[in-house]
Amino acid sequence: MSFDVIIRGGRVLDGTGAPPFRADVAVSGDRVAAVGRLETAEAATVIDASGRFVAPGFVDCHAHGDAAVFDPAVQRAALRQGVTTFVLGQDGLSFAPGSAETVAYASRYFAAVNGPLHESRLRAGAPGEGPPYEEPLREGPLSVAELLGSYDRAVAVNTAYLLPHGTIRYDVMGPSSAPASADDLAAMLRRVERGLAEGAAGLSTGLEYLPGRYADAEELAALCRPLGGLPYVTHMRAYGPGAGVGMAEVVDIASRSGAAVHVSHLHGPADVLLPLVGDALARDVDLSFDTYPYLRGNTILAMVVLPPSVPAAETGRALELIAAADLDEWWPGLDATWPRLTVSHAPGMEWTEGLTVVAAAERAGVSPAELCRRLLIETRLEAGVVSARPDEGPEGEQSVRRMLRHPSHTGGSDGIYVGGHPHPRGFGAFARFLGRHVRELGDWTWEQAAVHLAAHPARRFGLSDRGLVRTGFAADLVVIDPATVADRATYAEPRELATGVADVLVSGVPVLAGGELTGALPGRALRP
């Protein structure tokens, strides 16, 4: 027998939840060709996996790599954790589908999250050409098919894409806060149906961002009805103490539409959240959720500090209001918040990146509120922050552990790669799941890790030929050293690469060898 690749001598975590078993894994083309004892088989490439696990490639259920995925440094950061697929289009905001104005809005409003999309990445016939971030901003219009086509075989990891509700709403209604009319809803529905036909893997919302915040449950349920088993993926309207409000709306939308639901970054006190999950499941809601193993978040500063009355979707008007604001009236209750905010992204004020708002304010000789005003104005609302949660500490970690042990859980990094000082989760979340939560704490067995991080998310997003090490399945395969796999990225050094994953195949092609990129770009734009 002769194959293209054989991974020899490892213990296989096949993704079914079965205990690891000793087997060789052979690959022909982009598929797993055989799993078993293959001592006499030959291959052009042989990977020695002795003492290591062979697992299906992990699916990052919540990644903000919509533009950053073209950056080889981001691809390497993902692969070093065993991540072979990014699910993009999160939080209701991304680049497609939309007109030129819509693409520009999504690029501007979510610049600190998704980063800029560039024309060089969307030229037909030129996948992977040129270094990232050097071409002018894409000027649209842009369809889901075009965006998926720009990813296909242009990067080292696979990509799936969710239809972003906020982008679609802006494309139809602009920044309006009005309820959608019947005509508006029909226009949005046409975009959803076309996007699904072009290969989207679900619909996402960001109900604390704009303009998604303006949608009601009736609008969202109507747009969920065409999903046909694909998930409604939601950054809910409320988390933390208000999670009950957010989950009640999730259940309402699922009940009205019949859609499966996936809740993004479901963090907070487990005593509050787990009963809400249990109640939804008891109501026959097909519900899953993702978490990342950290106690801090990362988002745009405007979402954290601006009053709801400020139209952040209209940059010019918002900046006028910020410049004229009486900060004592605007932010009287944020004194406890300022020390928990660390600047992650501040174009034009890069000296603040990595500093808390309080430390940056002291350096500038102003109040924290005035420092935030300057950040918002100077960056034109683009500033991003890493934010510590009030429950950070031992109790918070216990909640993280309890949430990830739930059978409806999947892994998501919520990785943001923009800025001089991003959150470390994009560079370490999946390695932290394995090193800390499997090896050190025993929250999962190794075989359970393969279910939570590969098999379950692949099923959830309709990627029916991935997530398992099985003959005939796509050969997305990772080789894991159980003794050394660990995250190294910290809040102080957020871009440190993980250890313990040195060999990875995507669609049967080695993309990471000895911990370094091979230069191959076999990543597929996955369509459910």
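The model you are looking at is a predicted one. Arginine 380 sits in the loop between α14 (368-378) and β17, and has a positive phi of about 55° although it is not a glycine.

Is aspartate 414 buried or exposed? With a relative accessibility of 7%, aspartate 414 counts as buried, because the cut-off for that word is under 20%. As background, most residues other than glycine have a negative phi, and most peptide bonds are trans.

| Cis peptide bond | Omega | Loop holding the proline |
|---|---|---|
| alanine 96 to proline 97 | near 0° | between β8 and α2 (100-109) |
| leucine 210 to proline 211 | near 5° | between β11 (203-206) and α7 (217-224) |

Leucine 210 turns up again in the lining of the largest cavity. The structure holds 4 cavities of 30 Å³ or more, and the largest has a volume of about 60 Å³. Among the residues that line this largest cavity are Tyr109, Arg213, Ile300, Met303 and Pro308. Sorted by class, its lining has 10 nonpolar residues, no polar ones and 1 charged.

Met303 also belongs to the largest pocket, where Met303 is one of the residues closest to the centre, together with Glu208, Tyr239, Ser387 and Arg389. The pocket has a volume of about 840 Å³, and 32 residues line it. Which elements each supply at least two residues of that lining? They are β15 (296-300), α10 (301-305) and β17 (384-388). The largest share, 3 residues, comes from β15. By class, the pocket lining divides into 14 nonpolar, 11 polar and 7 charged residues.

Now for the strands. Strands of a sheet pair through backbone hydrogen bonds, either parallel or antiparallel. Here, 6 strands form an open sheet with parallel pairing, in the order β10-β11-β12-β13-β14-β18. β10 (163-164) and β18 (409-411) stand at the edges with a single partner strand each, so one side of each is left without a neighbour in the sheet. Strand β14 (residues 287-291) runs parallel to β18 and is joined to it by 3 bridges. In that pair, phenylalanine 289 has histidine 409 of β18 as its bridge partner.

Strand β1 (residues 2-12) is joined by 6 bridges to strand β2 (residues 21-28), with valine 5 opposite valine 27 in β2. β2 in turn pairs with strand β3 (residues 31-36) over 5 bridges, again in the antiparallel sense. Aspartate 24 has glycine 36 in β3 as its bridge partner. β2 and β3 form a hairpin with 2 residues between them, and glycine 29 in the turn has a positive phi of about 60°.

Finally, visit threonine 85 in strand β8 (residues 83-88). Threonine 85 is buried, with a relative accessible area of 1%. Its side chain makes a polar contact of 3.3 Å with the side chain of asparagine 158. Leaving aside neighbours within four places in sequence, threonine 85 is in contact with residues including Phe58, Asp60, Leu463 and Leu526.

Methods:
Residues are numbered from 1 along each chain as its sequence is written. This is a predicted model: local features need pLDDT of at least 70, side-chain atom pairs count only at pLDDT 80 or more; totals for chains, interfaces and linings use all residues. Side-chain values use heavy atoms; hydrogens and water are left out. On a 1 Å grid over the protein atoms alone, a cavity is a set of points where a 1.4 Å probe fits but cannot get out, and a pocket is an open set with protein on both sides within 12 Å along at least five of seven lines; lining residues have an atom within 4 Å of a point. Grid points are joined across faces, edges and corners, and a volume is the space filled by probe spheres set on the points. Helices (H or I, at least four residues) and strands (E, at least two) are DSSP runs, numbered from the N terminus. Ala, Val, Leu, Ile, Met, Phe, Trp, Tyr, Cys and Pro count as nonpolar, Asp, Glu, Lys and Arg as charged, and the others, Gly among them, as polar. Two strands pair if DSSP finds at least two bridges between them. Buried means under 20% relative accessible area, exposed over 50%, partly exposed in between (1.4 Å probe, protein chains only). A polar contact is a pair of N or O atoms within 3.5 Å; within protein, one must be able to donate a hydrogen and the other to accept it, and residues adjacent in sequence count only if both atoms are side-chain atoms. Contact means heavy atoms within 4.5 Å.
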